2 protein chains.
Amino acid sequence: MAKELIFGHQNPDTDAIGTAIAYSYFQNQNGFDTEAVALGEPNDETQYALDKFGFKAPRVIETAANEVDSVMLVDHNEPQQSVSDIDKVKVSHVVDHHRIMNFNTADPLYYRAEPVGCTSTIMWEMFNEAGMEIPKNLAGLMLSAIISDTLLLKSPTTTDKDKEAVESLAKIAGVDYKEYGLALLKAGTNIADKSEEELIDLDAKSFDLNGNNVRIAQINTVDLPEAMERKAAFIKAMEDASKANGYDMFMLVITNVLDSDSEAIVVGNDEAKAIFEKAFDKKLEDSSVALPGVVSRKKQVVPPLTEAFEG
Amino acid sequence: MAKELIFGHQNPDTDAIGTAIAYSYFQNQNGFDTEAVALGEPNDETQYALDKFGFKAPRVIETAANEVDSVMLVDHNEPQQSVSDIDKVKVSHVVDHHRIMNFNTADPLYYRAEPVGCTSTIMWEMFNEAGMEIPKNLAGLMLSAIISDTLLLKSPTTTDKDKEAVESLAKIAGVDYKEYGLALLKAGTNIADKSEEELIDLDAKSFDLNGNNVRIAQINTVDLPEAMERKAAFIKAMEDASKANGYDMFMLVITNVLDSDSEAIVVGNDEAKAIFEKAFDKKLEDSSVALPGVVSRKKQVVPPLTEAFEG
């Protein structure tokens, strides 16, 4: 069987990297020849999880077609979030927990998506369905992915299955998930030593919303007011990035991972800002607004923006 | 939980109807409130299977949004093969075994696809994974769907999983699948008492191939020469349908289900015919050509046509 690469989205987070490693293990046990790779270096939080459970960061690739004919995707399907030459390779498998958008194939494929909080929750189910044991260190990594994506089971994306998976994986990994989870989330909130340019790209995704190129970045923090002191510099960096990349709107969501609240900063022309205001039924003040209770890009940001751009 | 409708594609076949009935049973056992419906009356083969295992034909719907907010799809995902107002409802679940094309959602969803011969094979796996017993009559209906889609395990779409599913379901249903399978396939080959207009619409699907509206219909027979005696009348009916519906190409595949061979009849302008000839590396003679060994629209017709239309 020809080798295939498995990877998550650009600007990888703990789910993108952790689930790629888990799926590669799973598929190799099933007789496939796969390697987990990544479309970027791990962020601080992901590096913390990799170190904790004894994994090396996956090799970073820029293109796939120079290595393989076929790839497997985790934690994404939208082509603009994938490897730069995704149109030159066949996608044979997808495991994901996002909406499906602009994902087209010439052939039938394996596709497994569920509306749960984390791709690793689906992986956990797949291990169970196959009756395959999850190695202790891999359970720790998958646990980290779920804690990361659900903000320790507090995000509105959290389902009963995520809770079950966390309980089960914590037991296998032998960790107290609440204590470890807080340490993991805090490891990802060190924004003081990073530039605004880095921060707006760290966990950023592009979306095609009714033909508009919309960039949505998210930063985790434990101190929202401190982060908002850098607002003018964030706006400058977002304006520069929009000019360079042709974004029609750039939205930065700064989330307090302990309180589950966010501030949004929005850059774009008046029309884009009006669409944002319609989507959230809030007035921007000097390009920003508080979004109490909003923590999930997927569930609380993309759907209202999609609707507002369409209508 | 609000009621949802479950249905397969337009011009339903035994998989579209049988798997909708199976998935509705499965989901209702899981606490959902669903009704299996259909986007058309059963064909002769499907009616034979329904009668054999004691099912009524599902209610036929024209639109969904007048009844429900949310639907579940089986055996298709492409919007032009679905209910006419698919854009007005949310798709919450999909179980399918086709390529993914032009299927876009605003929200995360449950999506389960595998490159196997029949959607009922995936359903069989899902019952097994959930540890849910398959009722005897339902097993017979799912068995019928797999026999139909794989031409009794002879189509090149057939996988080891389809074979396993057939063995397992035949045991539950208490039938000799080879004997029953031949009877089922023959039940779908009575074309003598149908008009050409009916026959080209019975198992027809539309595909968007690089912006072209391509119609591909398939007829099963046990006597190819007899069917080809009606060629001129088929061409006339296909030309009329193309004019009425704006098809850029209309391809009719007439398949001998016993020998696994087909004849193709192609209607369209010279450019469309040239694309067909490039796709199959065959010359049309008076709008038709033999395609030995070709029996699967999904695996042997749509992929080469997709490639030829793209470039």
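Student: Between which strands of chain A is the place of A:His97?

Tutor: A:His97 sits in the loop between strand S4 (90-96) and strand S5 (110-113) of chain A; strands (E, at least two residues) and helices (H or I, at least four) are DSSP runs numbered from the N terminus. This is a predicted model, where local features need pLDDT of at least 70 and side-chain atom pairs pLDDT 80 or more, while totals for chains, interfaces and linings use all residues. Residues are numbered from 1 along each chain as its sequence is written, chains are lettered from A and ligands numbered from 1 in the order written, and side-chain values use heavy atoms, without hydrogens and water.

Student: Is A:His97 buried or exposed?

Tutor: Buried means under 20% relative accessible area, exposed over 50%, and partly exposed in between (1.4 Å probe, protein chains only). A:His97 has a relative accessible area of 2%, so A:His97 is buried.

Student: What is A:His97 in contact with, leaving aside its neighbours within four places in sequence?

Tutor: Contact means heavy atoms within 4.5 Å. The partners of A:His97 beyond four places in sequence include A:Asp15, A:Asp75, A:Glu114, A:Lys298 and A:Asp149, along with B:Pro108 from chain B. With A:Asp15 there is also a polar contact, side chain to side chain, at 3.5 Å. Such a contact is a pair of N or O atoms within 3.5 Å; within protein, one must be able to donate a hydrogen and the other to accept it, and residues adjacent in sequence count only if both atoms are side-chain atoms.

Student: Which residues does UniProt list for "binding site"?

Tutor: The unreviewed entry lists A:Asp15, A:Asp75, A:His97 and A:Asp149. They spread over 135 residues of sequence yet cluster in space, with a largest C-alpha distance of 10.8 Å. UniProt positions use the numbering adopted here, feature names are shortened, and annotations may be inferred rather than shown by experiment.

Student: In which helix does A:Asp149 lie?

Tutor: A:Asp149 belongs to helix H4 (residues 136-150) of chain A. Its relative accessibility is 18%, so A:Asp149 counts as buried. Its side chain makes a polar contact with the side chain of A:His97 at 3.3 Å. Setting aside residues up to four places away in sequence, A:Asp149 touches several others, among them A:Asp13, A:Asp15, A:Ser155 and A:Thr157.

Student: Where is B:Ser155?

Tutor: Look in the loop between helix H4 (136-150) and helix H5 (160-173) of chain B. B:Ser155 is buried because its relative accessible area is 5%. The side chain of B:Ser155 makes a polar contact with that of B:Thr157 at 2.7 Å. Not counting residues up to four places away in sequence, B:Ser155 touches B:Asp149, B:Thr150, B:Val295 and B:Ser296.

Student: Is B:Gln10 buried or partly exposed?

Tutor: B:Gln10 is partly exposed, as its relative accessible area is 29%. The residue lies in the loop between strand S1 (4-7) and helix H1 (14-29) of chain B. The side chain of B:Gln10 reaches two backbone oxygens: that of B:Ser82 at 2.6 Å and that of B:Gln80 at 3.4 Å. Beyond four places in sequence, B:Gln10 is in contact with B:Leu39, B:Gln80, B:Gln81 and B:Ser82.

Student: Where does UniProt place "domain: DHHA2"?

Tutor: The unreviewed entry puts this feature at residues 181-309 of chain A. Over residues 181-309 the chain is 45% helix and 28% strand, with the end C-alpha atoms 36 Å apart. A:Leu258 has a relative accessible area of 34%, so A:Leu258 is partly exposed.
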